Structures are given as structure tokens and as C-alpha cells.
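I am keeping this notebook while I look through one protein chain, and I write down each thing as I look it up.

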Amino acid sequence: MTNISSPQIALTNHLEYAFLGCYHGQLSKGLTTLGHYIAPIEQQLFSRAIGLLISPAAAVDLGMHLVMLPVAIVYAIGKSIVLRKCDFIIPQQHLQRIRDAVFPLLFGSLFGAIHPYLGTYAAEPSKKHVATGILLSGTNKDSFDAVCSPLTSMSEINTLISQLPKEYQSSEQEKKLLHQVAFWEAEFEKIQAIDFFTLHLTYKLSKKIMQIIDNQTWPSAVKEVAKRISLAAYPIFMAMDLIYFALTTTVCLGSLAVWLMGGQSGAYLEKAGSLEVLIYNIVKVPLFLISASAGLVAAAVRPELGITFSHTAVAWMAKVFFMLKMLGLKYRNGTMKTGDMIMVPAVHTYPDKEKDGRLPLLPSYGAHMRYILVKKTDSHQYQAELIERGKHHARAVNLTRKELDKLLEETLALRYQFGNETSHPILSQYGERPDGILDLGNQIGINNCIVTNLFAAIEVIRNEEGRNQHDVFCQHLKNLALRRYSIYAYDSYPFGKADDILKEIENLYSKGI
């Protein structure tokens, strides 16, 4: 993504990037295109066979870039001396490729064997999709799925802003608010990992069997006997839950290993290796065994009640973590002074009834990111602005602290299984868009909500400060992003047709601003 002005420079660029490729990324492209050429059954088999090659391909990537790194450093030193200008971009990009290879090295083949989409997800570098999200934000192109990691996106955007000309950098207030967003996102992702890594198979499968029995035309006494006989499968379902616990614990430990090795985990998995999540994975096994065993005994007396024991205790662990985090946020609300603002990320996931029976493969499945900007307007009242581009941008005003606490708790719970069943009534509490609220335009690509709505939040903050140069700010940011993420210029984009769109953006900013 460099502005080429001569054949010599073009040749130099191609030589510099010749060894910066991503082989496991090419395999991910193969996973997404295979279905166009073979029948469904063969597609499932061959796509998983390709998925098994992702980790070996990542190992090749890792080895090649480790070998090339010293050569790149020597080359960069010589180039800097000749040009009398420090230029270590190539060594930095080899280091980035090394970091990109760690996650697919550990998880690529495992995820690819489970499901081709998971393999593709594991093979794709986090920063590559952040780059795609930044560059495509605000365009009228929506034929892509930017699988952006919220924490990586927030970190990268903050880094880019800090490198802009001074007049476009963040004010102290904006820095504070963006730091708050990243802090709360990290805290909420820990709970999301706990919430997501529990399928409640014992409860769901037992309940399904009992629903089938209830739908029969048998006499009531026969149904009750059949329900108790069906409990013979209950220990099998418990074993399935324990196997899933072992698998998810492995993923959490692997996420910790990725961090220790300097790599980057995928979207919504960056905090899966945190201390709280690891403690949860240790505690949930004996808790599940005790509660599910008690449920089996109770089910012999009353089946419908007994099977609920298998998931209630474990499910409550996520709720307890959430309630503790909310106590901290509510305390922060109480310490606000008039004119103070805080900002938190608000994710809304699909309720189970809206998933059409599909098993969510990732914590980000069906997730839509918004941001809430809270401001204390006077000594006793607050306002909460739900920020996103599009028709749902709204503001609740004249809230008491009790009303604010309740609204935030209900909105932030939409991220989790225990809180996403009543999304529409909660969001309607923010009311219609009032007169005078900033027009943020439409949200073109809903799959790019993390970045697009963060830009919208920055626009709202700067409008509050009387800084109304958002379009120019975005142009400078994208121009800088083109250079920072040039390593991904020749990669494939398996989640959408982004290649041609990125070329359009490159042409738009190729001459600078």
C-alpha cells in the first residue's frame, strides 16, 4: 500500500515484501471457497482436512519470519544509513507476522477440525481485520465481515490517534473516556468468556427429551414414567458437559499461552486466559458435579425441577461476576460531579430464540457493539446517550441515579445469555432521537460496528468539546492506517470482498492529505 513513483521503488517494495506473506492465511481462504466446487458432504470432509494444515502452515510462517528477522534488521540499518532516515518498518512487520502466527499455531488445526469457519477465524490476524474495519468505516461498502477484536481495535485506534498531527489528537477528556471504554470492555469480556464457555448440555438435552415426551398423546401416568426412564441418559449428558469443560479450559489456557508468547488471541478471546476466568474453570467442575448430581436425585421425584439443578449454579457464577462489576460502575456513577462523563461499551447478542437453532461458534456470534456516554447534567440528574450510527442513536435524559443504574445494568446485561431476552423493551427506554442530538449518519456495514461506532463515539465527544473536524480527522487516521498496516496489502480476505475496496481507498489517499 505504498505510493509507487518509479520502477526502482516498485522493485524495492516487491523485494521488501517478498518474504512477508502469510501462508496460514491462504489456507483460510481455501476453507471459505471450497464449498463452491464440491458437494456438501465432501465439502465438510475436505474443508476439515485443509483445516488440519493451518497449524503446520503457521509453524512455517513463524520459522520463516524468525529466520528473516535478523536479515531484515541488517537491511533496515543499511537502508537507514543510505537514506539518512530511520526506517525499520520491515523488521517491525516481520515481528508482527511472528505475533500473528502464534494463535493459529496453537489453535488453527484444532479449530479447523471442529468447523471450517473456526479454522478461518483462527488463521486470520486480529490487526488485519482491525485495519480493514478502520479503512472501510464510513464507506458505502458492506460486502465484508470485519471480525474485529474490540480490545485490539481500541488499542490500535488510540495508537493511531496519538501519531496524528497535534490538532487531531485526543484531548485529555477524550483519552480518559477511551481508556474507560477499553477498561470496561476487558472486564465485560472476562464475564463473556465465562458465560460463553458453558453450553448447559445436561439441562438443554434433558429438557428437550421431556418436551418430546410431553408432546405425545400418552396418558399422564405413562408420561411421568417415561420422563424418569429418560433420566438414564442424564449421566451421559453430564459427561458431555465435562468434556466441553475440558475443551474450553484448554482454550483458556491456550489464550494465556498466546499472551505469554507475545501473540494475539482472536475477537472476544483476549481475556479468556485471565485469572478470573481460569479460577472459574477450576471451580465450575466440582460445582457442576455437585449440583447436577443433586439434580438427578431431585429429578426422580420431580423431573422438570431436578434437571434445572444442572445449570442453575454454574449459570449464576457469570451473574455474580457481572453483579460485582456493576457495583463498581454504580459506585463510579455516585462519585461523578456535574459535567463529568463516563463511557462504557454496550454489546447486544442474539437471544437463543433468535438463533434459529444454530450453535454459536464464537463469543462474538450475533454481537452488535454500541457505546453509552453518561453525563451528570446537574447535582441530581444524569443523561445516557446510546451511541451508534443509524436509527437507534438516542439519549435518555433527566435520569435519577437509581434510574441510571438500572438502565445501565439492563443494557450491559444484553451481552450475556442471562440478560439478552428482553432487548427491545430495554433499548426503547432510551426514547426517540431528541432534537439537537448529533446526526451520526447511517451504519452501512453492521459487521463493522466495533470500529464504526467507536468513530461515532469519538465524533460525539469532540462535538461536546466544540471540535467539529471529524471528516478530516478520519482522513488523517486512514492515511496513517494505510502505512501502518501495509503488511496486509497482499493478503487474502476470506470474510468478504475487501481487496478491491481497499485499493479504492489506497487510490483516494495515495497523494496524502
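**Entry 1**

Areas come from the Shrake-Rupley method with a 1.4 Å probe, and for residues only the protein chains shown count as cover. Trp-316 belongs to helix α14, which covers residues 303–334, and Trp-316 is partly exposed at a relative accessible area of 41%. My words for exposure are buried for under 20% relative accessible area, exposed for over 50%, and partly exposed in between (1.4 Å probe, protein chains only).

Before going on, I noted that this is a predicted model, in which local features need pLDDT of at least 70 and side-chain atom pairs count only at pLDDT 80 or more, while totals for chains, interfaces and linings use all residues. Residues are numbered from 1 along each chain as its sequence is written, and side-chain values use heavy atoms, with hydrogens and water left out.

**Entry 1: the whole protein**

I looked up the secondary structure and found 19 helices and four strands, which are DSSP runs numbered from the N terminus (helices H or I, at least four residues; strands E, at least two). Of the 513 residues in the protein, 51% are buried. The accessible surface is about 23900 Å², and 62% of that belongs to carbon and sulfur atoms. I then took contacts, meaning heavy atoms within 4.5 Å, between residues at least 6 apart in sequence, and 75% of these join residues at least 24 apart.

**Entry 2: the interior**

Which residues have the most contacts inside the largest nonpolar core? They are Phe-197, Ile-372, Val-374 and Leu-412, in a core of 63 residues. A nonpolar core here is a set of buried Ala, Val, Leu, Ile, Met, Phe, Trp, Tyr and Cys residues joined through side-chain atoms within 4.5 Å. A second, separate core has 42 residues, including Leu-178, Met-369, Leu-373 and Ala-456. Going back to Leu-412 and leaving aside neighbours within four places in sequence, I found Leu-412 in contact with several residues, among them Phe-188, Phe-322, Met-326 and Ile-372. In soluble globular proteins, nonpolar side chains tend to be buried together.

I also looked at helix α7 (residues 126–136), where eleven of the eleven residues are buried; among them are Lys-127, Lys-128 and His-129. Just after α7, Gly-138 takes a positive phi of about 85°.

**Entry 3: two buried residues**

Ser-265 sits in the loop between α12 (234–260) and α13 (275–301), and Ser-265 counts as buried because its relative accessibility is 5%. The side chains of Ser-265 and Ser-255 are joined by a polar contact of 3.3 Å. By polar contact I mean a pair of N or O atoms within 3.5 Å; within protein, one must be able to donate a hydrogen and the other to accept it, and residues adjacent in sequence count only if both atoms are side-chain atoms.

Ala-76, in helix α4 (residues 54–83), is buried at 1% relative accessibility. Ala-76 and Ile-89 are 13 residues apart in sequence, and their C-alpha atoms are 7.9 Å apart in space.

**Entry 4: charged pairs**

How many salt bridges does a search of the whole structure find? The search finds 23, each a side-chain nitrogen of Lys or Arg within 4 Å of a carboxyl oxygen of Asp or Glu. One of them joins Arg-228 and Glu-224 at 2.9 Å, N to O; the two are four residues apart in helix α11 (residues 220–230), so they are separated by about one helical turn. Both also belong to a network of salt bridges with Asp-214, Lys-227 and Glu-304.

Next I looked up Glu-276 and Lys-325, whose salt bridge has its closest N and O atoms 3.9 Å apart. Glu-276 lies in helix α13 and Lys-325 in helix α14, so the pair ties together parts that are 49 residues apart in sequence. Glu-276 is partly exposed at 24% relative accessibility, whereas Lys-325 is buried at 18%.
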